[in-house]
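Student: Please put the model up, and let us go through it by question and answer.
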Amino acid sequence: MSQPTRILLSLILGLIAGIGSIGTGGAWVDDAVAVAQPVGDTWLNGLRMTIVPLVVALLVTGIAGTAETARSGRIAARSLFLFFSFLVAASALSALLTPAYLALFPLPQASAAALKSSLIGAQAVSDVAGMGDFLKSLIPTNPVAAAANDAIVPLIVFTMAFAFAITRLPDVQRKMLTAFFQAIADAMLVMVGWVLWLAPLGVGALAYVVGARAGSGAVGALVHYILIVSAVGVTISLIAYPVAMIGGRRGLVAFARSIAPAQAIAISTQSSLASLPAMLRGAGALGVPVATSGVVLPLAVAVFRVTAPPMNLAVMLYVAHWYGIALSPAQYVTAVAVASITTFSGVGLPGQITFYAGVAPIGLAIGVPIEALGLLIAVETIPDIFRTIGNVTMDVAVTTVISERVAGSDESSEADALLNG
């Protein structure tokens, strides 16, 4: 049984046990909750302790690797610029779409109240500071203190500056520091793997508490969450079609027919990498030269996960909606920035690790409780399908744009040189 299946099954069983225990009306239910709550909280703390070192290490190695790629050629450099532009735009769009979808399809107040009461350990951070204080806080006077206090935004600012400084060092020093942080990231991933191995226990305990306190309303809330977050991913996928039509100058029917095989593989595998051969064939059917698609598509699979920022942001906006937290414009801007930047910290990671490493920093940055992520990680399998479909579709769409707008004869020659070593 795969790990996502084990986690999802533990969620279902925990909710069933919790909801079923309500009907007994016995005093033992409170005692059972008193035992399950610390078990779930301890597991969450195990995940939470990895956030800061993992995000820092992955940002350093991600930025260093991206800078190295940008130096390899004009197509690569311009592709990276276009990728990041799309990531920021998709994040900003999510900040508009998620509240709009929640307004059109609101979560029943009873479900929200029941779920909020069940997560008794979660508390929102105090109101965000004024704009002047906020801007001043972006630069940490003590990065170590920022890490210790989960001050994720100033920590990310320092980490990015540090990572870009590393790219300016001589090769020997740059490779040594990059290898050091890669080793830290690898060690942290081993620790996260241990914590996730215990996920059925932790998620099951949390699900039991939620089921016992929120009843069947918890099930409705989780289904509603899946629909809203998946809707954001579907919207991003649909935007890829006009991108290919307008930016790439390809016909709608031709693009849809060419991308369909890659989308089918994405649904069955939930892996952009597994879909890469089909994407290359689809790009070829659209008339994209191999010299261009052979550079852009592998690079896109490696660093361009266009659905990650908007769907990660949608998760935390949904949690904020659960708790009735009204976010300020400054918090929205911060959330968009953190969602866009931390995308580079999740490249090549398993789904559950990517989810937590990408979503938790957003919550910490804007003061939204992250305790609910212990439950939401269990149902990530379904939104992850739409994440992969969106990534695959947009990868090919952006490749047509680069082929049409960027890759001239000199860039194509350069790409041939890169492909031939």
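Student: How far does helix 12 (residues 252-269) reach from its first C-alpha to its last?
Tutor: Helices here are DSSP runs of H or I of at least four residues, strands are E runs of at least two, and both are numbered from the N terminus. The expected span is 1.5 Å times one less than the number of residues. Helix 12 has 18 residues, with 26 Å expected. Its span in the model is close to that, at 25 Å.

Student: What should I know about the source before going on?
Tutor: This is a predicted model, where local features need pLDDT of at least 70, side-chain atom pairs count only at pLDDT 80 or more, and totals for chains, interfaces and linings use all residues. Residues are numbered from 1 along each chain as its sequence is written, and side-chain values use heavy atoms, with hydrogens and water left out.

Student: What is the mean pLDDT of the chain?
Tutor: pLDDT is the predictor's confidence in each residue, from 0 to 100. In this chain 87% of the residues reach 70 or more. The mean is 82.

Student: Over which residues is the pLDDT below 50, with seven contacts beyond near neighbours in sequence?
Tutor: Contact means heavy atoms within 4.5 Å. Where pLDDT is low, the predicted coordinates should not be read in detail. Residues 409-419 are below 50 and have 21 such contacts. The stretch with seven is residues 124-129.

Student: Where in helix 12 does the kink lie?
Tutor: The bend at a residue is the angle between axes fitted to the seven residues ending there and the seven starting there. In helix 12 the kink is about 40 degrees. It comes shortly before proline 261, at alanine 260.

Student: Which helices are included in what covers the buried residues of helix 12?
Tutor: Buried means under 20% relative accessible area, exposed over 50%, and partly exposed in between, with a 1.4 Å probe and protein chains only. In helix 12 the buried residues are Phe255, Ser258, Ile259, Ala262, Gln263 and Ala266. Their cover includes helix 11 (217-247), helix 13 (272-285) and helix 19 (381-405).

Student: Is arginine 249 buried or exposed?
Tutor: Its relative accessibility is 54%. That is over 50%, so arginine 249 counts as exposed.

Student: Is arginine 174 buried or exposed?
Tutor: Arginine 174 lies in helix 9 (residues 171-197). Leaving out residues up to four places away in sequence, it touches Glu68, Arg71, Ile166, Thr167 and Leu169. Its relative accessible area is 12%, so arginine 174 is buried.

Student: How far apart are leucine 327 and leucine 317, C-alpha to C-alpha?
Tutor: Leucine 327 is in the loop between helix 15 and helix 16 (329-341). At 15% relative accessibility, leucine 327 is buried. Beyond four places in sequence, its contacts include Leu317 and Ile366. Leucine 327 and leucine 317 are ten residues apart in sequence, and their C-alpha distance is 8.7 Å.
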